[in-house]
Amino acid sequence: MILLDRVTKTYGKDKKSALNRVSLHVAPNEFVIIVGTSGAGKSTLLKLLTREEKPTSGKIVVGGIDYDTLHDKFIPLLRRKIGVVFQDFKLLPQRTVYENIAFALEIAGMTNHEIKSTVPKVVELVGLVGKENKFPHQLSGGERQRVAIARAVVRQPKILIADEPTGNLDPKHSWDIVRLLEKINKYGTTVLLTTHNAEIVNKLKRRVITIEHGKVVSDQAQGSYRQ
Ligand code: ADP
């Protein structure tokens, strides 16, 4: 599903690499946690996957798409395969829950009819039935993150990238979000989760990839958080 072969990323004229010859493979349906201190290179790795950044050298293949031969006009197609959620939700404040989710389908060119049948299913999946007409400011942090997740998965991406999704949430809401990510993973989406939350990492017992100074320093099947 995701393959990186000796990927290096150096920003600008900086000699120091944000990522330094990183190789890794993530199989379809895996749930992978990526940890590492601030500045380790996690965001750079995720930006390379979404093609926000291009590697300085090395090979990236995602869902059968070889980034070396990926023309810019196919980037929207690639992004349809990859849903992304962030720590700060990035919802549209003037739009309701329903409209925030529907927007992702509108820009993909779906008909109103398709939108009306698709949005309720994903609202149900993320547990927001009854909140469709609320605006983001009327929701708790955990609920806002559910909307962001709904929007990220509504087009049924193959991969869901969750970049510190619990960073703004209290422990209870954090666990609700992690359980939701597990549910989405169970339905067949590969999940990449970055987090600084040691308790979540240690309790989940999932594959943990630790990045430090731009290198993968450990990759454990049922990993734990290394400080
Ligand atoms: P993390 O997400 O683990 O905190 P990042 O990938 O954001 O790490 O950063 C890795 C390194 O790359 C850091 O030294 C950071 O300062 C540098 N870096 C990240 N983005 C840029 C950028 N756009 N321009 C220059 N340097 C950057």
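Predicted model: local features only at pLDDT ≥ 70, side-chain atom pairs only at ≥ 80, totals over all residues.

Student: Let's start with helix packing. At what angle do helix 3 and helix 5 pack, and how far apart are their axes?

Tutor: Helix 3 covers residues 97-106 and helix 5 covers residues 141-153. They pack at an angle of about 25°, and their axes are 8 Å apart. Helix 3 and helix 5 are therefore roughly parallel to each other, since angles under 35 degrees count that way. Helix 3 passes helix 5 in a right-handed crossing.

Student: Which residues meet there?

Tutor: From helix 3 you have V97, N100, I101 and A104, and they meet V147, A150 and R151 of helix 5. By class, that contact holds 5 nonpolar residues, 1 polar and 1 charged.

Student: And what about helix 5 and helix 6, at what angle do they pack?

Tutor: Helix 6 spans residues 171-186, and helix 5 packs with helix 6 at about 20°, with the axes 10 Å apart. That angle makes helix 5 roughly parallel to helix 6. The crossing of helix 5 and helix 6 is right-handed.

Student: Now helix 3 with helix 4: are they parallel or oblique to each other?

Tutor: Their axes come within 10 Å and cross at roughly 125°. Helix 3 and helix 4 are therefore oblique to each other. The crossing of helix 3 and helix 4 is right-handed.

Student: Who meets whom in helix 3 and helix 4?

Tutor: Helix 3 brings Y98, I101, A102, L105 and E106. Helix 4 brings I115, K116, T118, V119, V122 and V123. The contact of helix 3 with helix 4 has 8 nonpolar residues, 1 polar and 2 charged. If you keep I101 selected, you'll find that I101 is listed in the contact of helix 3 with helix 5 and in the contact with helix 4.

Student: Nice, changing topic to empty space. How does one find it?

Tutor: Rolling a probe the size of a water molecule over the atoms shows where empty space is left.

Student: How much space lies in the largest pocket?

Tutor: About 520 Å³. The largest pocket is lined by 18 residues, and I82, V84, R151, A152 and R155 lie nearest its centre. Helix 2 (75-81), strand 6 (82-86), helix 3 and helix 5 each give two or more residues to that lining.

Student: Which element gives the largest share of that lining?

Tutor: Strand 6, with 4 residues. By class, the lining of the largest pocket has 10 nonpolar, 2 polar and 6 charged residues.

Student: And the second largest pocket?

Tutor: The second largest pocket holds about 360 Å³ of space. It is lined by 15 residues, and L125, V153, V154, R155 and Q156 are the closest to its centre. The largest share of that lining is 4 residues from helix 4 (residues 112-125). The lining of the second largest pocket divides into 8 nonpolar, 4 polar and 3 charged residues.

Student: Last one: where is D66?

Tutor: D66 is in strand 5 (residues 65-66). Leaving out residues up to four places away in sequence, D66 touches K59, I60 and V61. The C-alpha atoms of D66 and I209 are separated by 23 Å, and the two residues are 143 residues apart along the chain.

How values were computed
Residues numbered from 1 in each chain as written. Heavy atoms only, no water. Axes fitted to C-alpha atoms, helices over the stretch in contact; angles between N-to-C directions. Parallel < 35°, antiparallel > 145°, perpendicular 65-115°, else oblique. Left-handed = near helix turned anticlockwise from the far one by under 90°. Contact = heavy atoms within 4.5 Å. Nonpolar A, V, L, I, M, F, W, Y, C, P; charged D, E, K, R; others polar. 1 Å grid on protein atoms, 1.4 Å probe; cavity = no way out; pocket = protein on both sides within 12 Å on 5 of 7 lines; lining within 4 Å. Points joined across faces, edges and corners; volume = space filled by probe spheres on them.
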